Amino acid sequence: MDTPILSPETLALHTGIHRSEANEMSEGMYLTQGYAYESAEQARDAFAGDIDIYMYSRYANPTVTAFEERLAAIEGAERCFATSTGMSAVFVALGSILGSGDRLVAAKALFGSTLQTFTNFFEKWGIQIDYVDGNSAEEWETALATPAKVVFIESPTNPMQDVLDIPFIASLAHSAGAMLIVDNVFATPLGQKPLELGADAVVYSATKHIDGQGRVLGGAILGTDEYVYGPVRQMVRNMGATISPFNAWVLLKGLETLGVRVRAQAASALDLASWLEHHPKIDSLRYPLLPSHPHYERAVKQMTLGGTLVTVDLFVGEGVDRAGAEAQAAAFRFMNGLSLFTVSNNLGDAKSISTHPATSTHNKLSVEERAAVDIYETTVRLSIGLENVEDLRRDLDHALSLV
Ligand SMILES: *Cc1c(COP(=O)(O)O)cnc(C)c1O
C-alpha cells in the first residue's frame with residue numbers, strides 16, 4: 001500500500017510522538033538540563049560521537065525534538081531546528097553561513113530587530129549588505145547580477161503586506177550562487193510554503209501564530225539536512241540560543257490547533273477586510289487575498305490563506321496631513337475606542353490586537369522613510385483574533401465613528 005499523503009493538520013497531531021513507558025496521551029515535557037549515562041563507557045562513546053543519545057539540553061532535548069519533528073512535517077522540510085526566539089532564528093539562519101567578505105542581499109522591508117542586527121552587527125563583522133525594494137523586479141535583477149551568499153526576504157511584509165515574488169527571487173538568487181531564506185511569519189506554515197516556491201530555508205518566530213496565545217517566545221529554522229543539521233545546529237549548540245523545553249512543549253501543543261485557529265482568524269480577517277474597505281472612515285487597506293491588493297494575483301498563486309492581519313489607513317478628513325499630529329490623534333482615538341482589540345505589538349494571537357506602526361514598530365524611521373514604505377500616522381495594523389466576527393465588526397464600527 002502507498003504511504004498516505006497526510007495534510008498538515010493531521011501531521012500536526014500525529015508526528016513527533018515518542019511515548020515513554022507510561023504511554024501518556026499528551027506528549028511528555030522533559031524539563032531537564034541533562035541526562036544520565038548508563039556507564040562511563042557510554043559517556044565516553046557519546047562524547048566521541050560514536051553513539052547518538054541525549055547528552056545536554058543545550059544540544060538536544062526530547063520535547064524540543066518533538067516540536068522540531070512536528071513543525072518539519074507540517075512545513076514539508078527535511079529538518080527543523082528550534083531556537084529561543086524568532087530573532088535568534090533569523091540571527092542563526094544567516095550568521096551561521098555568512099562570514100567576513102560575504103554578500104547578503106535583503107529586501108528593504110524588514111522586521112525592526114532584523115534590520116538592527118544587520119546594521120549593528122553583521123556590517124561590523126564585514127558582511128556586505130545590499131538592500132533592494134522587494135517589489136521591484138529591476139532592482140532584484142540588478143542586485144543579483146553580482147554573486148551573493150544569501151538572499152533574505154519577508155513576505156508578506158510588515159506592516160504593509162507587500163507580497164514578494166518568491167519563485168522569481170529564488171531563481172535569481174540561485175543564479176547568483178545564493179540561497180534564499182524566507183521569514184514566513186506573516187503567512188504562517190499553513191498559508192504559504194516557501195520551500196515549494198523555490199526558497200532554500202524558512203524561519204519563524206513561533207511566538208506569533210504557532211503559540212498563538214501570547215504565552216512563550218520561540219523560533220525555528222527549516223531547510224535541508226545539510227544546512228539545518230550542519231551550520232545551523234552547530235551554531236545554536238555552541239552559542240546557546242536554545243529553546244527551553246517548557247516553551248517547546250507549549251509550541252508543540254500550539255501546533256495541534258494551528259490549523260483551526262489560523263483558518264478561523266484568516267476567514268474573519270478576509271470578512272472584516274472586505275467590509276472595512278468600503279467603510280467611509282477607511283481610506284484604503286491591505287489584505288493579500290482581496291482583489292484590491294496591488295499584488296493580489298501573486299498572492300493567489302503563492303498563498304492559500306491571506307493571513308490574520310489587516311492593515312488599514314484611516315480617512316481622517318480632507319486636507320489633513322496624514323503624517324501630522326491631528327492624524328495621530330485620530331488614529332489614537334480609533335485604537336483607544338476599540339474594546340476587543342488590545343493595543344499591543346504581538347500578532348497572530350487568539351485575542352485581537354491593534355498596533356500603530358509609526359509610533360511603535362517603525363518609530364526609528366524618519367517621517368520620509370516611513371512615507372517611502374506607505375506608513376503614516378493614519379496606518380493601523382489589526383491582528384484578527386478568534387472572537388466572534390460580528391462582535392469584532394461592531395467594535396470596529398464604533399471605534400471608527402470616533403475617528
Ligand atoms: C516577531 C517577528 C520576528 C521576531 O520574533 P521574536 O520571537 O519576537 O524574536 C521576526 N520576524 C517577524 C516577521 C516577526 O513578526
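Guide: The second largest pocket has a volume of about 610 Å³. This value, like the others here, is computed from a predicted model. The lining of the second largest pocket is made up of 28 residues. Asp 52, Ala 60, Tyr 229, Arg 233 and Arg 237 are the ones that lie nearest its centre. H3 provides the largest share, 5 residues. Sorted by class, the lining of the second largest pocket holds 15 nonpolar, 5 polar and 8 charged residues.

Rolling a probe the size of a water molecule over the atoms shows where empty space is left. The structure holds 2 cavities of 30 Å³ or more.

The second largest cavity contains about 40 Å³ of space. Its lining consists of Val 185, Thr 188, Pro 189, Tyr 204, Ser 205, Lys 208, His 209 and Ile 210. At least two of the lining residues come from H8, and at least two from strand E6 (201–205). The class count for the second largest cavity is 4 nonpolar, 3 polar and 1 charged.

Asn 184 can be taken up next. It is placed in the loop between strand E5 (179–183) and helix H8 (188–191). Asn 184 has a relative accessible area of 0% and therefore counts as buried, the cut-off being under 20%. With neighbours within four places in sequence left aside, Asn 184 is in contact with Glu 75, Ser 155, Pro 189, Gln 192, Pro 194, Val 202, Val 203 and Tyr 204. Among these contacts, Pro 189 and Tyr 204 also line the second largest cavity.

E5 leads on to helix H7. In H7 (residues 166–175), the buried residues are Ile 166, Ile 169, Ala 170, Leu 172 and Ala 173. Their cover includes E5, together with helix H6 (137–143), strand E4 (150–154) and helix H11 (296–302). After H7 comes Gly 177, with a positive phi near 80 degrees.

Strands of a sheet pair through backbone hydrogen bonds, either parallel or antiparallel. Here 5 strands form an open sheet with mixed pairing, in the order E8-E9-E12-E11-E10. Strand E8 (282–286) and strand E10 (342–343) are the edge strands, each pairing on one side only. Within the sheet, strand E11 (residues 353–355) and strand E12 (residues 379–383) are paired in the antiparallel sense over 3 bridges. In that pair, Thr 355 stands opposite Arg 381 of E12. Helix H12 (residues 325–337) lies across strand E9 (309–314), E10, E11 and E12. The angle between H12 and E12 is about 20 degrees.

Terms used
Residues are numbered from 1 along each chain as its sequence is written. This is a predicted model: local features need pLDDT of at least 70, side-chain atom pairs count only at pLDDT 80 or more; totals for chains, interfaces and linings use all residues. Side-chain values use heavy atoms; hydrogens and water are left out. Helices (H or I, at least four residues) and strands (E, at least two) are DSSP runs, numbered from the N terminus. Buried means under 20% relative accessible area, exposed over 50%, partly exposed in between (1.4 Å probe, protein chains only). Contact means heavy atoms within 4.5 Å. On a 1 Å grid over the protein atoms alone, a cavity is a set of points where a 1.4 Å probe fits but cannot get out, and a pocket is an open set with protein on both sides within 12 Å along at least five of seven lines; lining residues have an atom within 4 Å of a point. Grid points are joined across faces, edges and corners, and a volume is the space filled by probe spheres set on the points. Ala, Val, Leu, Ile, Met, Phe, Trp, Tyr, Cys and Pro count as nonpolar, Asp, Glu, Lys and Arg as charged, and the others, Gly among them, as polar. Two strands pair if DSSP finds at least two bridges between them. Axes are lines fitted to C-alpha atoms, for helices over the stretch in contact, and angles run from 0 to 180 degrees between N-to-C directions.
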